[in-house]
Amino acid sequence: MSLPLFTLTILFFTLSSTVTSHSPSSYSQPQPSSSSPLISEWQSAHATYYAASDPRDAVGGACGYGDLIKVGYGQATVGLSEVLYERGQICGACFEVRCVDDLKWCIPGTSIIVTATNFCAPNYGFTSEGGGHCNPPNKHFVLPIEVFEKIAIWKAGNMPVQYRRINCRREGGIRFTVTGSGIFISVLISNVAGHGDLIAVKVKGSRTGWLPMGRNWGQNWHVNALLQNQPLSFEITSSDGKTVTSYNVAPKDWSFGQTFEGKQFDT
């Protein structure tokens, strides 16, 4: 099956003739869980921004979430360089990012929380030090300008930042969007709390046992099985090894294109 490849078109700050001024916009960001044990050590990276020129730019991304507003992630999202992207397994994880080492451009005492939803592809026409911001071994974050401006002035350039993994807090349960045709079943899994990223998914019909699903790309998982006309249950495992099972999430008369809400990880 041919898979779509999504990459970010990054509008860097040298294009100042096309970007004249920006004022920070309101946005909703996922909140860290106060009871969560997942708060990793701060690590060094860099960040740039992109400015969406069309509302449709909020749709897409290598993680396969589609319309980021509709699925609940809003503008508080990030594209990650190859070193951080982990071939898509990291999709859905949450990071806290803060600006450092630049008194001229940083907004003191601020940080942002973003969800990994996209991939910043390497550009081997440049060296990693000379314009290839997302080339290995660089750790790089590409942020919507509305989010970038929460921690730094937009004229900043390729900004030094620090980041750390944190647990995600989500409203409501885990969402399962079922698409496909015939025996090909594809499920987009979103709104995952806790670690946010998944390492294993299983599906079960009322007339089947538990069937392992394969990662298609990002958090899209697939299986070839005849599952129509039976309720569907899902078992998902996050990267910390925790498992949540949602029984009979989709009713017997489910159809392709529908989204169903299941249980949620405790945070």
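Predicted model: local features only at pLDDT ≥ 70, side-chain atom pairs only at ≥ 80, totals over all residues.

Trainee: Why is Thr117 called buried?
Mentor: Buried means under 20% relative accessible area, exposed means over 50%, and partly exposed lies in between (1.4 Å probe, protein chains only). Thr117 has a relative accessible area of 3%, so it counts as buried. This residue is found in strand E4 (residues 112–119); strands (at least two residues) and helices (H or I, at least four) are DSSP runs numbered from the N terminus.

Trainee: Which residues is Thr117 in contact with, leaving aside its neighbours within four places in sequence?
Mentor: Contact means heavy atoms within 4.5 Å. On that basis, the partners of Thr117 include Gly61, Cys63, Tyr65 and Leu68.

Trainee: What makes Arg164 and Glu96 a salt bridge?
Mentor: The term asks for a side-chain nitrogen of Lys or Arg within 4 Å of a carboxyl oxygen of Asp or Glu. The N to O distance for Arg164 and Glu96 is 3.0 Å, so the pair qualifies. Arg164 sits in strand E6 (residues 159–166) and Glu96 in strand E3 (residues 94–99), 68 residues apart. Glu96 is buried, because its relative accessible area is 13%.

Trainee: How do you know that Glu235 and Lys202 meet in a salt bridge?
Mentor: Their N to O distance is 3.9 Å, so this pair also meets the cut-off. Glu235 belongs to strand E12 (residues 232–238) and Lys202 to strand E9, 33 residues apart. Lys202 is called partly exposed because its relative accessible area is 32%.

Trainee: What makes strand E7 and E14 a pair?
Mentor: Two strands pair if DSSP finds at least two bridges between them. Strand E7 (residues 175–181) and E14 have three bridges, so they pair, in the antiparallel sense.

Trainee: Why are strand E13 and strand E14 called edge strands?
Mentor: Eight strands form an open sheet in the order E13-E12-E9-E10-E11-E8-E7-E14, with antiparallel pairing. Strand E13 (243–250) and strand E14 (259–261) each pair on one side only, and that makes them the edge strands.

Technical notes. Residues numbered from 1 in each chain as written. Heavy atoms only, no water.
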